[in-house]
Amino acid sequence: MAIPANISGFSVIPILYKSSVTHYIYARAHATSKARSIKLLPEGRTLFLVNLPPDATERELVLFFKHAGTVEKVVFDFELQDKRSEDSDSEGEDEDEEMLGEDAEKDGEQPKKKRKTQKEKTVIPTVTPLPSQPLRKFHKTGFSAYVVFLDSSSLDRALASTSKPRAWTASSEEPSGLAHYRALYDSLRPPLDAVQIFADSTIEVYEYEQAKKRQKSKYHKGEAVVDEDGFTLVTRGGAYGKTLGGGVGVASKRFQRSGQTVRSRNHKKEKKEKDGFYAFQKAEQQRSALLELKRKWEEDKAKVEKLKASRRFKPY
């Protein structure tokens with residue numbers, strides 16, 4: 001089946017990975033009306049590419065279009081938004097610096113420079129990273145890019161020679177295809193000795209940060225809190241004595257009278273034996289109920305016999 005040379009205004013560029021694998025890139029000349037986009041992507045020498053391989057790099061695109069001319073730069077679609085935001089932020093910073101410079105000139109003062117202070121050198125622990133190997137960065141399937149040439153003639157040559165498939169040259173020794181996923185599998189399972197070193201260094205960094213926080217705090221464990229006038233600060237604590245966090249606790253009235261501490265509300269209650277939990281308890285309850293029922297039946301029977309005996313015929 002013949003592949004058309006042009007689809008919806010895009011030129012079809014075949015890429016040959018292997019003798020049996022062919023990939024197609026769609027390209028056209030880039031055109032925009034925004035001033036910022038014109039600065040980043042000048043018209044007349046920018047090539048817009050769609051459906052790039054997910055592991056394509058800037059170096060590979062430069063090598064692929066080397067036959068057309070010299071490539072000035074390559075901008076991917078996910079990098080374009082970051083560059084636009086950086087340009088807007090830099091413009092705002094330049095305006096702020098100009099305003100500050102004008103204010104300083106009006107006041108007749110020069111901007112002050114920060115003095116460098118010499119700090120004591122302390123050995124700060126760092127985390128020893130796990131071993132890793134360089135891998136290719138994969139992007140979403142079918143992402144786009146902009147190839148900027150030095151002149152417009154290079155753009156024309158890149159769009160003209162699109163019928164014959166050309167080989168895709170890998171720009172690095174990083175594995176691709178199935179070898180990439182094998183290397184990724186190995187990198188996600190480092191040796192145990194490397195994991196041990198990583199864990200020890202992480203714990204060391206954590207303990208260093210905790211010690212640094214304790215040095216900054218004025219409250220220490222087991223020490224009373226003393227104010228500026230030298231008085232010991234009475235804080236809410238346990239039954240008596242110093243609390244764990246520092247300070248003096250206030251004894252309760254019950255402790256002052258009896259010397260016994262107040263039990264917590266959440267203390268565990270003494271276990272009570274449950275009624276009817278065991279089988280013999282159920283049998284005993286049924287037997288007692290049956291005997292009680294029999295005793296009441298005998299009492300009722302005696303009452304009925306007594307009533308029968310007391311009946312007499314009284315015609316008048």
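Does F48 count as buried or exposed, and at what relative accessibility? Please follow its ring contacts from there, then the strands around them.

Modeller: This is a predicted model. F48 counts as buried, because its relative accessibility is 13% and the cut-off for buried is under 20%. The ring of F48 pairs with that of Y146, at 5.0 Å centre to centre. The planes are 35° apart, and the pair is tilted. F48 is in strand β4 and Y146 is in strand β6, residues 145-149. The pair therefore ties together parts 98 residues apart in sequence. Y146 is buried, as is F48.

Now the wider set. There are 7 aromatic pairs in the structure. One of them joins F10 and F48. The centres are 6.3 Å apart, with 55° between the planes, and this pair is also tilted. F10 belongs to strand β2, residues 10-18, and F48 to strand β4, residues 46-50, so this contact ties together parts 38 residues apart in sequence. F10 has a relative accessible area of 19%. That is under the 20% cut-off, so F10 is buried.

From F10, step into the strands. The bridge partner of F10 is I7. Strand β1, residues 6-7, pairs with β2 over 2 bridges, in the antiparallel sense. Between these strands the hairpin has 2 residues. In this hairpin, S8 takes a positive phi near 55°.

Strand β3, residues 21-29, runs antiparallel to β2, and 7 bridges join them. K18 stands opposite V21 of β3. A hairpin of 2 residues connects β2 to β3.

Next comes β7, residues 166-167. This strand pairs with β2 in the parallel sense, over 2 bridges. I15 stands opposite R166 of β7.

R166 leads back to the rings. Its charged end sits over the ring of F64, 3.9 Å from the ring centre. F64 is part of a cluster linked by ring pairs, with F65, F149 and W168.

In short, start at the buried F48. Go to Y146 in β6, or to F10 in β2.

Methods. Residues numbered from 1 in each chain as written. Predicted model: local features only at pLDDT ≥ 70, side-chain atom pairs only at ≥ 80, totals over all residues. Heavy atoms only, no water. Phe/Tyr/Trp six-rings, centres within 6.5 Å; stacked < 30°, edge-to-face > 60°. Helix = DSSP H or I, 4+ residues; strand = E, 2+ residues; numbered from the N terminus. Buried < 20%, exposed > 50% of the residue type's maximum accessible area, 1.4 Å probe, protein only. Lys NZ or Arg CZ within 6 Å of the ring centre and 35° of its normal. Pairing = 2+ DSSP bridges.
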